[in-house]
Every structure is written in C-alpha cells, then in structure tokens.
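Good morning, and thank you for making time for this item.

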Amino acid sequence: MVGARLIVSDFVLSFMWVWVGVLAKMFVVKVLGLGHDEPLGEVIKCSLSLVYMFLFAFLGKVTHGGAYNPLTVLSSAISGDFSQFLLTVGARIPIQVLGSIYGVRLLIETFPEVGHGPRLNVNIHHGALTEGVLTFAIVFISLGLARNIPGSFYMKTWISSVSKLALHILGSDLTGGCMNPAAVMGWAYARGDHITKEHILVYWLAPVEATLLAVWTFKLVVRPLTEKKKDSKSKSE
C-alpha cells in the first residue's frame, strides 16, 4: 500500500515538474513581456524557481516521500534496505520517467512553442563531467542537510533550493544544469534522441555514478567525524 502510494505520487509530481518550469518562463516572457536577457526577467524567474521548489518540497512531505527526481530516491535507497532499493529501481524511477514523458507530451501538444528542452551544448565528456559534478554537489549537500538539520523543514528546504538554483545556473549554458534524468528523458523522448550515447552518458550514467560517489564519500567522511566527537565527549567525562 505504501509502495503504491509512492508510485502514484512520483508519477504526479514528475508530471507536474516538467510543466511548472515552462509555465514560469512563459509567465515572465509572455505575460510580463520581459526578454530572456533582461536582468529583471532573470530575477523573477529565479524567484519563481525558489517558490515552486518550496511547493514541491511541501508536496513531497505531504505525500510522505513522493519525488520527481530519480537521484533523490536513489540516494535514499542506497542507504536503505534491499526491498527499498528494489522498489526504487524497479518501480519508482521508471514511473518518474513515465510521468515526465507524458508531462512533456501534453505540454508540447498544449503549447507547441515551448521549445525542445535542455540540450547538450558541449562535447560529451565535458557534459558528463558537468552533470556529474553538479549532481555530486547537490546530493552531498542534501545528505548533509538531512543529517545536520533533520527537523527544520523551512531552513533545510531554503538551503537546498538555493543550492539547486545556483548549480542549475552554473550548468545551464553547458548541459542545461538539469540534475534530473527523468525530466531530461521526457524532453529527449519527445525529440526522439532518448537512446543516443550522449543522452545516456551525460544525463543518466554520469549523474547516477555521481550520486553513488556522493553517498559513499559522505559516509566515509561523516562517520569518522562522528566517532571523533564521541571519543572527545567520553574523554571529557
């Protein structure tokens, strides 16, 4: 029952996620009449990004773990038990991809002028390195927030949202700064290049490997620090 609820939540959130970013850009350009290169337009888009990241974090809390990003659930599954890992890899990630694909398809049918989504603007190795570094950074930050600020939803969401936005801006001109394989898959499927080497290596393999490395590095770094603190406390007593 819990697994079914998570799967449905993942599909809905993934579907919504590919819509909200495009609608925010359309609001700035078409409703407010601000061009892509105008500073005020960029400030408003960044502000709207923070707002809807807070909204999705709240929806994730309300649905008790619903997510729109495979990397988010993968990092948790690696640290969990084997049944959670199987549910994540076998059901949750595929349903997130499916939600993104249907979301993009309906989006393009509704607004044909929305474009074609994020594209790789550098060579494949540079792109893989970019997505890998961005993913490593955000996963490491998220793990640190979950450990050091476990109960503060607003503070944790604020730091996480600002970090995601900053990393997205850093990688936007290179790979799109996506850090979300499911959302990229939705756009790539619509373009018909979802099984190319560039897409698989840059937007799937590199982020997944970076997630695994971030989880492993976090465990390697945090555990020794925790043990040192315990030792220092016991000595002081």
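I begin with Phe 218, which counts as buried because its relative accessibility is 13%; buried means under 20% relative accessible area, exposed over 50%, and partly exposed in between, with a 1.4 Å probe and protein chains only. Before going further, the conventions: this is a predicted model, in which local features need pLDDT of at least 70 and side-chain atom pairs count only at pLDDT 80 or more, while totals for chains, interfaces and linings use all residues. Residues are numbered from 1 along each chain as its sequence is written, and side-chain values use heavy atoms, with hydrogens and water left out.

The structure holds nine aromatic pairs. Rings of Phe, Tyr and Trp (its six-membered ring) pair if their centres lie within 6.5 Å; planes under 30 degrees apart count as stacked, over 60 as edge-to-face and the rest as tilted. Consider Trp 17 and Phe 56: the ring centres are 5.0 Å apart and the planes stand at 90 degrees, so this pair is edge-to-face. Trp 17 belongs to helix 1 (residues 2-31) and Phe 56 to helix 2 (residues 39-62), so that the pair links distant parts of the chain, 39 residues apart. Helices here are DSSP runs (H or I, at least four residues), numbered from the N terminus. Trp 17 counts as buried at 19% relative accessibility, and Phe 56 counts as buried at 3%.

Phe 218 has its own partner, Phe 140, in an edge-to-face aromatic pair with 5.4 Å from centre to centre and 80 degrees between the planes. Phe 140 lies in helix 5 (residues 124-148) and Phe 218 in helix 8 (residues 197-236), so the pair ties together parts 78 residues apart in sequence. Phe 140 counts as partly exposed, at 26% relative accessibility.

Ring pairs also join Trp 17, Tyr 52, Phe 56 and Tyr 68 into a cluster.

Two rings carry a charge above them. A charge sits over a ring if NZ of Lys or CZ of Arg is within 6 Å of the ring centre and within 35 degrees of the ring normal. The charged end of Lys 61 sits over the ring of Phe 153, 4.8 Å from its centre, and that of Arg 105 sits over the ring of Tyr 102, at 5.6 Å.

Next, helix 3. What caps its N-terminal end? Asn 69 does, with a side-chain oxygen 3.0 Å from the backbone nitrogen of Leu 71. Within helix 3 (residues 70-79) lies Ser 75, buried at 10% relative accessibility. The side chain of Ser 75 reaches the backbone oxygen of Thr 72 at 2.8 Å. Neighbours within four places in sequence aside, Ser 75 is in contact (heavy atoms within 4.5 Å) with Val 139, Thr 211 and Val 215.

Finally, the cysteines. How many disulfides are there? With a disulfide taken as a pair of cysteine sulfur atoms within 2.5 Å, the count comes to zero. Cys 46 is in no disulfide, and the nearest cysteine sulfur, that of Cys 178, is 15 Å away, too far for a bond. Cys 46 is partly exposed, with a relative accessible area of 24%; Cys 178 also counts as partly exposed, at 21%.

How values were computed. Helices (H or I, at least four residues) and strands (E, at least two) are DSSP runs, numbered from the N terminus. A polar contact is a pair of N or O atoms within 3.5 Å; within protein, one must be able to donate a hydrogen and the other to accept it, and residues adjacent in sequence count only if both atoms are side-chain atoms.
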